[in-house]
Amino acid sequence: MTASEYAFLSYFYQLLFERAQEAQTILKQATIDGENLAFAQGRALAYYEVIATFTSQVDIYSLDEIRIGIRPGDSDSLLN
């Protein structure tokens with residue numbers, strides 16, 4: 001895999017992870033407010049599924065997780 005391909009995967013992963021963290025923040029606020037809770041739960045779960053699938057595929061294809069920026073337990077940290 002070329003350096004630019006790794007750069008793209010790294011950028012894309014970081015973007016997904018940031019959005020997943022934002023979804024978690026919104027979920028916590030929705031839990032407090034009680035507004036749009038179901039939507040916030042679904043959105044947060046969807047991001048978790050995408051991150052988990054992405055990291056699983058990186059492992060299956062034996063790509064360098066460190067070069068992509070994947071840290072152990074990243075997807076699990078989104079469940080808290």
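The secondary structure of the protein chain comes to 4 helices and 0 strands, where helices (H or I, at least four residues) and strands (E, at least two) are DSSP runs numbered from the N terminus. Read along the sequence, the pattern is α-α-α-α. This is a predicted model, in which local features need pLDDT of at least 70 and side-chain atom pairs count only at pLDDT 80 or more, while totals for chains, interfaces and linings use all residues. Residues are numbered from 1 along each chain as its sequence is written, and side-chain values use heavy atoms, with hydrogens and water left out.

**Overall dimensions and surface**

- The C-alpha trace of the protein chain spans about 45 × 20 × 15 Å along its principal axes.
- Of the 80 residues of the chain, 31% count as buried; buried means under 20% relative accessible area, exposed over 50%, and partly exposed in between (1.4 Å probe, protein chains only).
- The chain exposes about 5400 Å², and carbon and sulfur atoms supply 57% of that area. Accessible areas come from the Shrake-Rupley method with a 1.4 Å probe, and for residues only the protein chains shown count as cover.
- Among contacts (heavy atoms within 4.5 Å) between residues at least 6 apart in sequence, 67% join residues at least 24 apart.

**Helix H1**

- The 31 residues of H1 should span 45 Å at 1.5 Å a residue, and the end C-alpha atoms are 45 Å apart, which agrees. The expected span of a helix is 1.5 Å times one less than its number of residues.
- Buried residues of H1 include Tyr6, Leu9, Tyr13, Phe17 and Leu27, and also Ser10 and Gln24.
- The cover over the buried residues of H1 includes H2, helix H3 (65–68) and helix H4 (74–77).
- Just after H1, glycine 34 takes a positive phi of about 80°.

**Helix H2**

- H2 has 24 residues and reaches 34 Å from its first C-alpha to its last, close to the 34 Å expected at 1.5 Å a residue.
- Among the buried residues of H2 are Ala40, Tyr47, Ile51, Phe54 and Val58.
- The buried residues of H2 pack against H1, H3 and H4.
- Threonine 55 is found in H2 and counts as buried at 15% relative accessibility.

**Nonpolar core**

- The largest nonpolar core has 19 residues, and those with the most contacts inside it are Tyr13, Ile51, Phe54, Ile68, Ile70 and Leu78. Such a core is a set of buried Ala, Val, Leu, Ile, Met, Phe, Trp, Tyr and Cys residues joined through side-chain atoms within 4.5 Å.
- Helix H1 (3–33) and helix H2 (37–60) are the elements that give two or more residues to this core, and the largest share, 9 residues, comes from H1.
- Not counting residues up to four places away in sequence, isoleucine 70 touches Tyr13, Phe54, Thr55, Val58 and Glu65.

- Serine 62 is found in the loop between H2 and H3.
- Serine 62 is exposed, with a relative accessible area of 64%.
- Just after H2, serine 62 takes a positive phi of about 55°.
- The C-alpha atoms of serine 62 and proline 72, 10 residues apart along the chain, are separated by 15 Å.
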